[in-house]
Amino acid sequence: MVMMDGSLDAEKIAAYFKGKSILVTGATGFLGKILVEKILRVQPDVRKIYLLVRAIDAESAKQRVEAEVTDAELFCLLREKHGKGGFELFVDEKIVPLAGDVIFENMGLDAPMLEELAKEVDIIVNGAATTNFYERYDVALDVNVMGVRYLCQFAKKCANLKMLLHVSTAFAAGDREGLIMEKPFKKGETLKEGTYLDIDVELHLVGDVKKELLQDGVGSGDHDKTERKAMKELGLQRSRHFGWSNTYVFTKAMGEMLLGQLHGAIPVVILRPSIITSIFRDPVPGWMQGTRTIDTIIIGYAKQNLSCFLADLELTMDVIPGDMVANAMMAAMVAHSGEEGAEVMYHTTSSLRNPAPYGVLYESGRRHFYENPRLGKDGRVIPTKEMHFFKTIASFHLYMLVKYKLPLEILHLVNLLLCGLFSQLYEDLNRKYKFVVHLVDVYGPFAFFRGCFDDMNLERLRLTMAATSPEEDLFNFDPKTIDWNEYFYKIHIPGILKYVLK
């Protein structure tokens with residue numbers, strides 16, 4: 001239940017951050033950068049923004065923040081406003097890089113810095129995460145679960161803390177069909193009947209598996225490789241045992257669960273975005289970082305090296321632009337600041353209010369590349385070919401069997417008859433085949449997701465946003481304001497070409 005007093009508007013949201021000190025984890029990531037830039041732009045009188053980044057010392061942390069955060073084109077409006085020298089002075093005054101990591105108790109910070117933070121920090125934003133679907137189980141538990149535990153421990157030491165906002169993912173809810181509610185996980189809750197999730201048991205299991213691998217006495221180089229493979233496979237195995245499809249969403253669900261158990265009187269907002277795409281409006285339409293699964297269609301089209309793709313063009317791909325997610329984060333922080341013991345969840349999603357089918361992205365891509373053909377290195381136009389889509393995993397496996405597996409088996413037989421003449425070729429092709437099949441196994445459920453995310457809590461928050469002036473668009477997070485055809489054609493696809501396919 002969303003509980004707020006009065007209404008919100010752009011002025012109130014911006015004013016809230018005046019004089020506040022904010023600790024942000026995951027600031028080198030796509031969403032973290034957008035949030036930091038937005039706060040600095042709408043509220044230059046924010047007190048401090050502490051950015052926790054992985055680095056060996058303070059100087060390295062400063063260099064990393066400059067290279068990976070403030071040097072980004074995303075900060076162009078702030079640079080224009082302050083001028084080159086003025087921008088650097090402004091950033092030095094407002095941003096405090098911290099060399100540390102959420103996987104360590106006290107975030108790896110020394111006692112004096114920890115004491116200063118505990119006195120200063122008003123808001124904690126936890127955006128740190130490993131988002132690899134096939135991550136090592138030990139690594140995913142460290143970042144997505146233990147990171148939450150250590151942040152909660154620190155939050156309870158903060159004298160003036162008004163809010164802890166945790167960024168999760170809508171897909172932590174699992175591969176469900178139908179309407180998925182904005183509902184936090186209860187302790188031990190799983191997606192498979194008859195199972196109970198004990199986080200401590202999972203942590204001990206990882207330790208036990210690592211000990212067994214050490215006792216097997218594999219050489220150091222081989223041991224690292226064997227351990228890496230074992231940890232990745234263990235992550236998938238445990239995820240599926242409890243009903244999740246991959247290690248990323250499973251451990252993010254665990255993080256939510258742990259936060260619910262540990263936060264106590266601290267006001268908590270859990271934000272669950274769906275697939276976060278390029279910026280819709282400000283500061284730079286189309287700006288993005290990294291590649292989303294859905295962008296494979298566009299990148300494949302651009303390079304003309306992808307003849308087929310796993311997707312049902314009639315299914316909805318739940319996407320939301322990064323600036324809308326950051327706007328929702330800021331509005332939610334203001335709405336629930338100081339609400340003792342609150343735990344509120346928001347789905348920042350589009351599938352209920354303004355669904356976008358895969359077909360819209362594909363048709364926008366076709367339109368773009370027919371009207372703006374790509375040129376090869378020789379200056380010639382790269383012909384745009386149609387792409388084939390597989391609507392089921394079974395049809396894809398049949399295609400792979402006929403087109404690749406059977407020829408591979410023939411090659412294997414010829415190789416045996418010729419005393420291993422084609423051994424290297426067979427092994428290379430077989431490895432690539434297995435890799436593709438593995439990718440489909442991991443990402444397939446995601447491609448055919450049939451759920452629809454309820455966003456009633458977020459809609460209530462939207463309704464408190466009093467639209468009294470044109471400036472209210474400054475914190476727009478309503479997906480109904482997006483024309484998906486225009487967004488993909490004019491903003492997102494040009495953004496991929498400019499910022500991803502440099």
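Which side chain meets Arg-367 in a salt bridge? The side chain of Glu-371 does, at 3.9 Å from N to O. A salt bridge is here a side-chain nitrogen of Lys or Arg within 4 Å of a carboxyl oxygen of Asp or Glu.

The model is a predicted one, in which local features need pLDDT of at least 70 and side-chain atom pairs count only at pLDDT 80 or more, while totals for chains, interfaces and linings use all residues. Residues are numbered from 1 along each chain as its sequence is written, and side-chain values use heavy atoms, with hydrogens and water left out.

**Salt bridges**

By the rule stated above, the count comes to 28 salt bridges.

| Pair | N to O distance |
|---|---|
| Asp-122 and Lys-162 | 2.7 Å |
| Arg-272 and Glu-256 | 2.7 Å |
| Arg-367 and Glu-371 | 3.9 Å |

Arg-367 and Glu-371 are separated by about one helical turn, because they stand four residues apart in helix H13 (residues 358-371). Helices (H or I, at least four residues) and strands (E, at least two) are DSSP runs, numbered from the N terminus. Arg-367 is partly exposed at a relative accessible area of 35%, and Glu-371 is partly exposed at 47%. In these terms, buried means under 20% relative accessible area, exposed means over 50%, and partly exposed lies in between (1.4 Å probe, protein chains only). Elsewhere, salt bridges that share partners join Glu-37, Lys-38, Arg-41 and Asp-282 into one network.

The salt bridge of Asp-122 with Lys-162 has its closest N and O atoms 2.7 Å apart. This pair links distant parts of the chain, 40 residues apart: Asp-122 is in the loop between helix H6 (111-120) and strand E4 (123-126), and Lys-162 is in the loop between helix H7 (137-155) and strand E5 (163-167). Asp-122 counts as buried because its relative accessibility is 9%, whereas Lys-162, at 24%, is partly exposed.

Arg-272 and Glu-256 also meet in a salt bridge. Their pairing links distant parts of the chain, 16 residues apart, with Arg-272 in strand E7 (residues 268-273) and Glu-256 in helix H10 (residues 247-262). Both Arg-272 and Glu-256 are buried.

**A buried charge without a salt bridge**

Glu-339 lies in the loop between helix H12 (322-336) and strand E11 (343-348). This residue is buried yet has no salt bridge, and Arg-460, the nearest side chain of opposite charge, is 12 Å away. Lys and Arg count as positive and Asp and Glu as negative, while His and the chain ends are not counted. The side chain of Glu-339 does make a polar contact with the side chain of His-336, at 3.1 Å. A polar contact is a pair of N or O atoms within 3.5 Å; within protein, one must be able to donate a hydrogen and the other to accept it, and residues adjacent in sequence count only if both atoms are side-chain atoms.

**Surface patches**

Patches are made of residues with over 30% relative accessible area and no salt bridge, with like charges joined within 9 Å and nonpolar side chains (Val, Leu, Ile, Met, Phe, Trp, Tyr) within 5 Å. The place of a charge is taken as NZ of Lys, CZ of Arg, CG of Asp or CD of Glu. Accessible areas come from the Shrake-Rupley method with a 1.4 Å probe; for residues, only the protein chains shown count as cover.

Lys-225, Arg-228, Lys-229 and Lys-434 form a positive surface patch. Helix H9 (residues 220-241) gives the most to this patch, with three residues. Lys-229, found in helix H9, is exposed at 52% relative accessible area.

A nonpolar surface patch of about 720 Å² is made by Ile-410, Leu-413, Val-414, Leu-416, Leu-417, Leu-418 and Leu-421. Ile-410 is found in helix H14 (residues 393-417) and counts as exposed, at 54% relative accessibility.
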